[in-house]
Amino acid sequence: MTPRYCILWAQAIVSLAFASCQNHLSRVGKPAALSVEITPERVQRGAYLANHVAVCMDCHSRRNDNQFAGPIIAGSEGAGGTRFDHKMGIPGVFYGKNLTPAALHNWTDGELYRAITSGVSKEGKALLPVMPYLNYGKMASEDIKSIIAYLRSLPPIPNDVAPSKPDFWLKPLLKKMPQKALPQPKPALQDSIGYGKYLATFAGCADCHTPRRMGMLLKNKGFAGGTPFKLPSGIVTSANLTSDTHTGIGRWTKADFIARFRAFDARRFKPFDTQGGFNTPMPWLLYSGMTDEDLGAIYSYLQSLPPIKNEIVVFKPNKNASTDLASLIAGSYEVKELQVFDKKINITEGFSGSIILSKISNTSIKIDIDIHHQDAEATPVSSICNLVPTKHKMSLIEVTTKDEIGYASKGKIYLLSRDSKGAKTKIVAHMKRK
């Protein structure tokens, strides 16, 4: 399972529809005579992009698919070995290559640049666009150079990755897929929508969150979700990211959007074993490392898109799959009501909020609540709770933190907490997914 397995081989057919009949080497050209200066600034920027935006490390490391969101196995960062095969809809067997200096020491910077942005290897072989070089080729050259500088700085990890073996009928078609890079300037951070589009392209958001027909992204359904992912436990379907207020994220605030990613920050979230239950190909643990500014820009871009009504059933478990708590509670919910002492405050009176539930173990969940007021900063509430499931419905929750108490009943979450001044706030969140 990998976020790039959503870029099914059908995307290759899409590129074929527009590909020239020229030989791919003639179309793409020779690698540039490029020498990337390795500076601390480039290495830092490249590390950020490769781990948290382009998430190169996700496919070029090994993941623990038995844990939620498939965290990277420590010590495998950049060493390759991830397998893409027929089980993922790939016509052949392909492997994520070793990107550490142990394997790239004899590659020139120009060869690396060409592979990342145009899909041609050092030896001149065409690469399958499971690696989204069609997206990377549209990024600013300086960002690609930063990624190259970062790769050069990785500790060398010897790991001989097996050669890829495309199905026989795919071999002649592969040569039609690489495209010449068309680097675009990076928009200014102040251009929130333009910069958000730039990042969303780099991150490949549309590849997973736009439905397809005959392998082609449906332009009139951009970011409306609906891409299915077949997992051992069932079918996970990508979410609607448009501004539709009923089936998309139109009612989310920017703070809600950022909080959804922050819930999987490594400093707060510890991966758990799914035990055959709900899981996701979304690399939350990597994307959670994006800055607030970058996540906010992506949010601004998504909100600028036309709303598209598209109801999504996120998870359909197999009949014989185990149903654990993660499949029942993990997600983001709306906060409907606040209560300070005995006074109820309508959430629409300048307030907004969200609640994110994360499974910790079979009997524990973590509640993260962010309450916002138009005149104040967010007030996060975080609790570790024990859960007693009864016929797949939540009953009593006992919060382990000292000054908080919470429970769930009849489709609602209740949490009573004390803020820094000792005031009590009762938060009621209806159990309705956002």
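This is a predicted model: local features need pLDDT of at least 70, side-chain atom pairs count only at pLDDT 80 or more; totals for chains, interfaces and linings use all residues.
Residues are numbered from 1 along each chain as its sequence is written, and side-chain values use heavy atoms, with hydrogens and water left out.

Let me start with the protein as a whole. There are 15 helices and 18 strands in it, where helices (H or I, at least four residues) and strands (E, at least two) are DSSP runs numbered from the N terminus. Of the 434 residues, 52% are buried, and by buried I mean under 20% relative accessible area, with exposed being over 50% and partly exposed in between, using a 1.4 Å probe and protein chains only. If we take the contacts (heavy atoms within 4.5 Å) between residues at least 6 apart in sequence, 62% of them join residues at least 24 apart.

Now to the first helix, α3, which covers residues 40-53. Its 14 residues should span 20 Å at 1.5 Å a residue, and the end C-alpha atoms are 19 Å apart, which agrees; the expected span here is 1.5 Å times one less than the number of residues. The buried residues of α3 are R42, R45, G46, Y48, L49, A50, N51 and V53, and what covers them includes α4, α8, α10, α13 and α14. Just after α3, V55 takes a positive phi of about 45°.

Buried in α8 are D143, I144, S146, I147, I148, A149, Y150 and L151, and their cover includes α3, α4, α5, α6, α7 and α10.

How do the axes of α3 and α8 cross? They come within 7 Å and cross at roughly 95°, the axes being lines fitted to C-alpha atoms, for helices over the stretch in contact, with angles running from 0 to 180 degrees between N-to-C directions. The two helices are therefore roughly perpendicular to each other, a term that covers 65 to 115 degrees, whereas angles under 35 count as roughly parallel, over 145 as roughly antiparallel and the rest as oblique. On the α3 side the residues that meet α8 include R42, R45, G46, L49 and A50, and on the α8 side their counterparts include E142, S146, A149, Y150 and S153.

Turning to the strands, there is an open sheet of 3 strands in the order β1-β2-β3, with antiparallel pairing; two strands pair if DSSP finds at least two bridges between them. Because β1 and β3 stand at the edges, each with a single partner strand, one side of each is left without a neighbour in the sheet. Between β1 and β2 (residues 92-95) there are 2 bridges, and F84 stands opposite F94 in β2.

Elsewhere, 4 bridges join the antiparallel strands β6 (residues 228-231) and β7 (residues 234-237). These strands form a hairpin with 2 residues between them, and K230 has I235 in β7 as its bridge partner.

Where does T82 lie? It is in the loop between α4 (56-59) and β1 (83-84), and it is buried, with a relative accessible area of 13%. Its side chain reaches the backbone oxygen of C59 at 3.2 Å and that of S61 at 2.4 Å. Leaving aside neighbours within four places in sequence, T82 is in contact with D58, C59, S61, R62, F94, Y95 and G96.

N135, in helix α7 (residues 133-136), is also buried, with a relative accessible area of 10%. Beyond four places in sequence, N135 is in contact with T201, G204 and D207, and its C-alpha atom is separated by 7.7 Å from that of T117, 18 residues away along the chain.

Lastly, F257 lies in helix α12 (residues 254-262) and is buried, with a relative accessible area of 5%. Not counting residues up to four places away in sequence, F257 touches I249, W252, L295, I298, Y299 and L302.

Definitions and conventions: A polar contact is a pair of N or O atoms within 3.5 Å; within protein, one must be able to donate a hydrogen and the other to accept it, and residues adjacent in sequence count only if both atoms are side-chain atoms.
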